[in-house]
Each structure stands twice: as C-alpha cells, then as structure tokens.
Amino acid sequence: MKVSDIMSRDVQVANPHQSVAEIAKIMAEREIGFMPVGEDDRLIGTVTDRDLVTRALADGLGTDAKVREVMTRDVKYCFEDEDINEVTRNMGKIKVRRLPVVNRDKQLTGVVSIGDAALGDAQAAGSGLSKVARPGGAHAH
C-alpha cells in the first residue's frame, strides 16, 4: 500500500507570519494537531498543538507570537509513492506521528499520520507507533 492511498489530502498550510492564536484557532476548528508551514511555495517547517503549548505558552510568549518562533524547522517528510510499511517504520525511528507528504517534485500533496496507517494497515502502524509511544514522566505506570 502506498502513502497516497491513505494520506489526508485536504491540508491546511500555516504561514510563518501568522500568530500562534490564529493557528490554534484553525487547529481547533479543523480538529487537527499538525500543520506544515510554508513560505514562497516551500515547506519550511511544521507546527503542532504541542509546539504551541511547549514553545509558546510554556515559554510565556503572547498569543501574537509568530508561527516562525515556535515551529519545528527540521522538516521531515515522505513521498506519496513510498510504501506505507517503510514510512511507518521510519516514523518510529525518528519518533514522529505525522509527516508532510510530497511528490517527487517536492510539492506538498498531503499529510500522513500513524492513525491513517492504522486504518489502512494496522500491523504497519503498530510497528511505527511502538517506537513513538513510549511511557514516561510522572504519570507512567
């Protein structure tokens, strides 16, 4: 099964000049926790709901802080024609739950998540998720 078979195609792209309040509102309205960040037709980062909490709220930045200040700059991605088993293994290795999907011209075409993979191939998703989801912190049993 290819990534293109299961990825989400309706992708909202954040602008690095948008405020974290704008992005939080979009994420809440669309019920998403991840957005690629683009500028000049290039993928320059990603922002997650966790980024908004740990890099904006926890650091005392105001709601007018810009996405550029809190985004993850090290962009990881996969290709739409890659095998989902390989992609989920890689997601486990690099410990991410979601990846932007690009075509071979490196144009954004979608987003794939471990959840998408679980719907398409539970075994493939399980191998990736087992490396991403690690118990830890004060609430771990």
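In helix α3, which spans residues 49-57, the buried residues are Asp51, Leu52 and Ala56, where buried means under 20% relative accessible area, exposed means over 50% and partly exposed lies in between, with a 1.4 Å probe and protein chains only. Seen down the axis of α3, these buried residues fall within an arc of 100 degrees, so they line one face of the helix; the arc is that of the directions from the helix axis to the C-beta atoms. This is a predicted model, in which local features need pLDDT of at least 70 and side-chain atom pairs count only at pLDDT 80 or more, while totals for chains, interfaces and linings use all residues. Residues are numbered from 1 along each chain as its sequence is written, and side-chain values use heavy atoms, with hydrogens and water left out.

- β3, β4 and β5 form an open sheet of three strands in the order β3-β4-β5, with mixed pairing, two strands being paired if DSSP finds at least two bridges between them.
- The edges are held by β3 and β5, each with a single partner strand, so one side of each is left without a neighbour in the sheet.
- Strand β3 (residues 78-79) pairs with β4 in the parallel sense over two bridges, and Cys78 stands opposite Val101 in β4.
- Strand β5 (residues 108-113) runs antiparallel to β4 and is joined to it by five bridges, with Val102 standing opposite Leu108 in β5.
- The hairpin of β4 and β5 has five residues between the strands, and in this hairpin Lys106 takes a positive phi near 60 degrees.
- Strand β4 (residues 98-102) is largely enclosed by the rest of the structure, because four of its five residues are buried.

**The chain as a whole**

- The protein chain contains seven helices and five strands, which are DSSP runs numbered from the N terminus (helices H or I, at least four residues; strands E, at least two).
- Along the sequence, the pattern of these elements reads α-α-β-β-α-α-β-α-β-β-α-α.
- The protein chain has 141 residues, of which 37% count as buried.
- Among contacts between residues at least 6 apart in sequence, 56% join residues at least 24 apart.
- The accessible surface of the protein chain comes to about 8,200 Å², with 48% of it belonging to carbon and sulfur atoms; accessible areas come from the Shrake-Rupley method with a 1.4 Å probe, and for residues only the protein chains shown count as cover.

Notes
Contact means heavy atoms within 4.5 Å.
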